[in-house]
Amino acid sequence: VTSFLPTSVSASYEDLTEFAGSVRRWMPVAPGDGAEPLGFNMEGPFLSEAKKGAHPAHLLRDPADIDAATLETFMEGLRIITIAPELPGALEMIQALAGRGVRVALGHSAASTAQARAGYAAGAVSTTHLFNAMVGVIHREPGLALAAVLDDAVWVELIADTLHVDPELWPLIWRMKPAERVVLVSDCISLAE
């Protein structure tokens, strides 16, 4: 590991602001003999309640409900954010953040394939932990997972621990995605213990 992004989970705007500030204060004094912090990642709070995973439902928000001033408090150092594209205001937020250089990932989403494609068209470039907390490849109602594997320009994260995604699905991913668009990630936090 040469670099990393400290990552938040869904929290109140106040707690997320404190998290962002903590990362910003720490980055200039981080030890030089380890992996370099490059900014931070926000996994939430703009997630679907139907696919929230371990995120507390009462902390989830619609992108349409955040004002520009509050969103601005997160911009310095924000490198990646996960957004469910079917939420009110999501496409506008994706477009605005992507326009400012933030890498938007789609995830924790009940989006249909069409809604996911709209999210990518608005500027999302990645997918937070493929197949987890999203609509998968269901023959009559495919969702985000299908849109992600079919779009060669989109990155996908894979938690390849044999628990989050059955290894029987891995060959499908390798056949459908260019290898340079698959990112192996871990997903172990204290909530998983």
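Residues are numbered from 1 along each chain as its sequence is written, and side-chain values use heavy atoms, with hydrogens and water left out. Because the model is predicted, local features need pLDDT of at least 70 and side-chain atom pairs count only at pLDDT 80 or more, while totals for chains, interfaces and linings use all residues.

**The sheet**

Begin by selecting the strands, where five of them form an open, parallel sheet in the order β2-β4-β5-β6-β7. Helices (H or I, at least four residues) and strands (E, at least two) are DSSP runs numbered from the N terminus, and two strands pair if DSSP finds at least two bridges between them. The edges of the sheet are β2 (7-8) and β7 (126-127), each of which pairs on one side only.

Next, β5 and β6 pair in the parallel sense over four bridges, with I83 standing opposite L106 in β6. Between these two strands the chain passes through α3, and this β-α-β crossover is right-handed, which means that, with the strands pointing away from the viewer, the path from the first strand over the helix to the second runs clockwise. T82 also has a bridge partner in β6, namely A105. Finally, β6 and β7 pair in the parallel sense over two bridges, where A105 stands opposite S126 in β7. A right-handed β-α-β unit is made here by β6, α4 and β7.

**Helix α4**

Now select residues 113-122, helix α4, in which T113, A116, G119, Y120 and A122 are buried; buried means under 20% relative accessible area, exposed over 50% and partly exposed in between, with a 1.4 Å probe and protein chains only. The buried residues of α4 pack against α3 (90-99), β6 (103-106), β7 and α5 (144-150), where contact means heavy atoms within 4.5 Å. Just past the end of α4, look at G123, which takes a positive phi of about 135 degrees.

The structure holds three aromatic pairs. Rings of Phe, Tyr and Trp (its six-membered ring) pair if their centres lie within 6.5 Å, and planes under 30 degrees apart count as stacked, over 60 as edge-to-face and the rest as tilted. In one of the pairs, the rings of Y13 and F74 have centres 6.5 Å apart and planes at 50 degrees, so this pair is tilted. Y13 belongs to helix α1 and F74 to the loop between α2 (68-72) and β5 (78-83), so that the pair links distant parts of the chain, 61 residues apart.

Another pair is formed by F19 and F40, whose ring centres are 5.6 Å apart and whose planes stand at 85 degrees, so the pair is edge-to-face. As F19 lies in helix α1 and F40 in strand β4, the pair ties together parts that are 21 residues apart in sequence. Both F19 and F40 are buried.

Which residues of the largest nonpolar core touch the most other members? Of its 44 residues, they are I81, I83, L97, Y120 and L130; such a core is a set of buried Ala, Val, Leu, Ile, Met, Phe, Trp, Tyr and Cys residues joined through side-chain atoms within 4.5 Å. Select I83, whose contacts, leaving aside neighbours within four places in sequence, include F46, P63, L97, V104 and L106.

The last stop is P63, in the loop between β4 and α2, which counts as buried at 5% relative accessibility. Not counting residues up to four places away in sequence, P63 touches F46, I83, L87, P88, G89, A90 and M93. P45 is 18 residues from P63 in sequence, and the two are 8.7 Å apart in space, C-alpha to C-alpha.
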